[in-house]
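I opened this notebook page to keep track of what I looked up about aromatic side chains and their surroundings. The entries follow the order in which I checked things.

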Amino acid sequence: MTCLVADGMFGVADGAVRGGRPIGGYMYSPNADFSANNGKLNITLSMHATPEDVITVYIGSFSTDKAHVINVPESGIITESFEISGGTADDYIRFESKNLKKFFIRSITVAQGEPLENILLEDSFDKATSGTFDSPIERISADDYTEMPGWSVNSAIVAKGMFGTFDGMILGGRPYGGGTMVTPALGFAEGDATISFRLQSSKPSEDQITVYIGEYDEARAKVFDVPADGIIDETVTLSGAYDGATVHFESKNLKKFMLDDIKVYQTLAPGQKSYKKLESATVNGTSHTFTGLESGKTYGYSVRTDYLNFFGMTEEGAESAVMQVSATSGIECVPGISDSESPVVSVIYTDLAGRRIIEPAPGSVVIRTAVHADGSRSVSKQLVR
């Protein structure tokens with residue numbers, strides 16, 4: 001009733017009670033099939049509502065045991081992820097203001113399914129073919145060695161199946177050199193993350209290894225005593241993950257240690273998102289075209305503007321938030337002769353590498369070449385539905 005729109009938001013005006021029934025102050029979603037996962041839905045919601053109001057969210061007919069109640073804070077800004085149940089094969093989600101007040105939805109994700117193990121980083125460090133823990137190969141580049149560039153390791157060293165750091169020291173009251181390793185920045189979803197790792201320390205029974213995500217916080221960090229054999233083999237779940245955070249490994253005594261393997265992952269609930277950074281790209285202008293995207297997958301991009309400092313050296317600028325990309329983004333027509341100018345007598349499909357395709361798969365991006373009766377051709381890039 002009385003739909004409103006604002007900058008990036010869709011909502012409803014204040015309502016009133018007429019004839020004993022509420023008019024306005026509520027919204028329905030479109031009908032959809034919510035019968036999967038026994039009718040359970042995971043909803044991620046961003047809203048702007050009237051401060052101190054109460055927003056109730058439920059499926060179909062109201063039931064207190066199936067509804068989710070949101071108490072609107074003084075800021076009026078709501079960002080929540082929650083689960084509701086009761087979905088059927090043809091149903092809708094209802095949003096109600098207790099006081100029939102105006103509210104807007106900025107974004108909503110409705111998902112059903114089982115939790116997903118999302119791997120952000122995994123490596124067994126088996127690319128080094130020589131060296132041992134006692135005699136590793138020295139002064140390698142962490143970026144050159146790893147599958148995922150961006151490791152921060154002073155005095156990086158490798159041995160067969162291991163990647164690590166030499167001893168460090170304290171200079172001027174600050175740690176310097178080795179004894180610490182930091183992973184590349186990872187596209188975590190906010191919340192907990194699990195790190196499974198195996199490492200070998202140079203100081204059995206004498207050292208400790210601290211593991212944490214992002215900025216150091218004693219309450220969130222995990223400390224492991226190095227046992228008599230020098231080997232720590234652990235799986236630990238840490239809190240405080242966020243997009244762009246790194247995982248830190250630190251020797252208490254700044255002593256040499258080497259990772260034998262590592263796996264960093266999160267268990268994502270339906271609707272949760274995380275991003276894996278791919279190659280960087282140089283883009284001229286403000287137009288972005290995306291090709292080769294697979295239907296059913298979520299993609300995203302961020303923008304970082306580098307600049308030259310006073311000394312002429314390149315400095316990294318601030319990175320934007322991740323912008324989501326759909327499989328239809330950047331699908332544009334290539335200039336050519338319109339199909340309407342001459343009848344089409346045949347159509348040829350090729351993939352983006354130029355290979356001929358007999359039956360294009362739904363969700364794939366193809367080049368369509370139409371051959372006209374007058375011998376001319378028109379070319380377009382299309383997403384197959």
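The entries below cover ring pairs, charges over rings and a surface patch.

Entry on the model. I am working from a predicted model, and I read every value here as computed from it.

Entry on ring pairs. I looked up how many aromatic pairs there are, and the count comes to nine. One of the pairs I examined is Trp151 with Phe163, which is edge-to-face, with 5.4 Å from centre to centre and 85° between the planes. This pair links distant parts of the chain, since Trp151 sits in the loop between helix 1 (142–145) and strand 13 (156–159), whereas Phe163 belongs to strand 14 (residues 162–165), twelve residues apart. I then checked accessibility: Trp151 has a relative accessibility of 6% and therefore counts as buried, and Phe163, at 0%, counts as buried too.

I next turned to Tyr212 and Tyr216, whose ring centres are 5.2 Å apart and whose planes stand at 80°, so that this pair is edge-to-face. Tyr212 has a relative accessible area of 6% and is buried.

Entry on a cluster and on charges. I noted that Tyr26, Tyr28 and Tyr92 form one aromatic cluster, and that Arg94 lies over the face of Tyr26, at 4.4 Å from the ring centre. I also found Lys263 over the face of Tyr265, at 4.7 Å from the ring centre.

Is Tyr176 buried or exposed? I found a relative accessibility of 53% for Tyr176, and because the cut-off for exposed is over 50%, Tyr176 counts as exposed. Tyr176 lies in strand 16 (residues 174–177), and together with Met169 and Leu171 it forms a nonpolar surface patch with about 330 Å² of accessible area.

Terms used
Residues are numbered from 1 along each chain as its sequence is written. This is a predicted model: local features need pLDDT of at least 70, side-chain atom pairs count only at pLDDT 80 or more; totals for chains, interfaces and linings use all residues. Side-chain values use heavy atoms; hydrogens and water are left out. Patches are made of residues with over 30% relative accessible area and no salt bridge: like charges are joined within 9 Å, nonpolar side chains (Val, Leu, Ile, Met, Phe, Trp, Tyr) within 5 Å. Accessible areas come from the Shrake-Rupley method with a 1.4 Å probe; for residues, only the protein chains shown count as cover. A salt bridge is a side-chain nitrogen of Lys or Arg within 4 Å of a carboxyl oxygen of Asp or Glu. Helices (H or I, at least four residues) and strands (E, at least two) are DSSP runs, numbered from the N terminus. Buried means under 20% relative accessible area, exposed over 50%, partly exposed in between (1.4 Å probe, protein chains only). Rings of Phe, Tyr and Trp (its six-membered ring) pair if their centres lie within 6.5 Å; planes under 30 degrees apart count as stacked, over 60 as edge-to-face and the rest as tilted. A charge sits over a ring if NZ of Lys or CZ of Arg is within 6 Å of the ring centre and within 35 degrees of the ring normal.
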